[in-house]
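User: I have a chain on my screen and would like to walk through it. Can we take it piece by piece?

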Amino acid sequence: MLIKTTKLIAIIACALLPLSTTFAQQNQTQTKQTESQWVDFSGFKGKIFDIKNRDPIELINILQPLGSGFKGAIMKSNSEYKTITVRDFPENIATIEEAIKRLDVPPPPKPQPLRPTYPDIEVFAYVLIASNGEGNGAPSPPVLADVIKQLQTTLNYKSYQLLTSIVQRTSYENGSIDANGTAELPDKSLIGKYALQIAINTPGTRFDPSQIALSRLLFQMEGFKETDTRTIGVGDTKINTRLQVRDGEKVVVGTSSLKDKAVILVLTTRMLK
């Protein structure tokens, strides 16, 4: 009888053993599941930093190593509100705050390319009237003596008179000249209503200070002469060209007929230092 009872107890114990093992495993699983993902540590503090100049996401990559790395410590960025949120030990938060002060500054300005500076330009335009009559105009300036001497050998005119001289100053930044006016010979044999327009090219990277490129030069004049009773038109003239002028060089830009006379435009330039 005793043997039978012992066997019965052993059978019951073997049956209950798996149940107790299963219960222990379930209890351990529930303990792990209920364990908080945060560290319940009163030493952790939290702070939100406003980022004013930099991208919070870029700063996170630099600031991440400054955190403690303890479980529950966080560092998150928000690009919409431009903030960085930190939860960590106070000493780590203080270190992160100092780093943000150094890093959250306006980026340095991009270097601007230096604009080259060019000298101003002074343009002298002389309007000469060539004819086969007696010269009774204003005396030609000495600066044109060599030009007139050359004209006398190339053109079939006896007399060269100065109708007017035009002096204009401009800069490469402005790059244009627009002058107009009225001039006449002393004997009223010619009255000219003129207009001078010049466009100057802005130099590129290779600036040659010895010459000036005129992309357009337009000189127009309407001629008249006076009699005792009236003013008579004697025609129009136009010189339209483009050219390169060396600094200080005198250039005969062009000639144009005006009835029995010729209009000659002489140009010289001077760069002002």
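**Loops, helices and charges**

Analyst: Lys188 counts as partly exposed, with a relative accessibility of 30%. Keep in mind that this is a predicted model.

User: Where is Lys188 found?

Analyst: Lys188 lies in the loop between strand S6 (176-184) and strand S7 (191-200). Its phi is positive, about 60°, although Lys188 is not a glycine.

User: Which residue forms a salt bridge with Lys188?

Analyst: That is Glu184, and the closest N and O atoms of the pair are 3.8 Å apart. Glu184 counts as partly exposed too, at 40% relative accessibility.

User: Let me back up. How many helices and strands are in the chain?

Analyst: The chain has four helices and 11 strands. It has 273 residues, and 33% of them count as buried.

User: Which residues are linked in a network of salt bridges?

Analyst: Glu122, Arg169 and Arg270 are linked that way.

User: You mentioned H4. Which residues are buried in H4?

Analyst: Val147, Ile148 and Leu151 are the buried ones. Seen down the axis of H4, they fall within an arc of 95°, so they line one face of the helix. The face turned away from that buried side carries the exposed residues Lys149, Gln150 and Thr153.

User: What do the buried residues of H4 pack against?

Analyst: They pack against strand S4 (120-131), strand S5 (159-170), S10 and strand S11 (261-272).

User: How do S10 and S11 pair?

Analyst: They pair in the antiparallel sense, over eight bridges. Ser257 stands opposite Ala262 in S11.

User: And the turn of that hairpin?

Analyst: There are two residues between the strands, and Lys259 takes a positive phi near 60° there. Lys259 is exposed, with a relative accessible area of 61%.

User: What about Thr269, where is its place?

Analyst: Thr269 is in strand S11. Thr269 is buried, with a relative accessible area of 3%.

User: What does Thr269 touch, leaving out residues up to four places away in sequence?

Analyst: Thr269 touches Ile121, Glu122, Val123, Ile212, Val245, Arg246, Asp247, Gly248 and Glu249. Among them, Glu122 belongs to the salt-bridge network with Arg169 and Arg270.

User: Change of topic. How many residues does helix H3 have, and how far does H3 reach?

Analyst: Helix H3 (residues 90-103) has 14 residues. From its first C-alpha to its last, H3 reaches 20 Å, close to the 20 Å expected at 1.5 Å a residue.

User: Which residues of H3 are buried?

Analyst: The buried residues are Asn92, Ile93, Ile96, Ala99 and Ile100. They cover an arc of only 125° around the axis, so they sit on the same side of H3.

User: And the face turned away from that side?

Analyst: That face carries the exposed residues Glu91, Lys101 and Arg102.

User: Last one: which elements do the buried residues of H3 pack against?

Analyst: Strand S1 (45-50), helix H2 (56-63), strand S2 (74-78) and strand S3 (83-88).

Definitions and conventions. Residues numbered from 1 in each chain as written. Predicted model: local features only at pLDDT ≥ 70, side-chain atom pairs only at ≥ 80, totals over all residues. Heavy atoms only, no water. Buried < 20%, exposed > 50% of the residue type's maximum accessible area, 1.4 Å probe, protein only. Salt bridge = Lys/Arg side-chain N within 4 Å of Asp/Glu carboxyl O. Expected span 1.5 Å × (residues − 1). Arc of directions from axis to C-beta. Contact = heavy atoms within 4.5 Å. Pairing = 2+ DSSP bridges.
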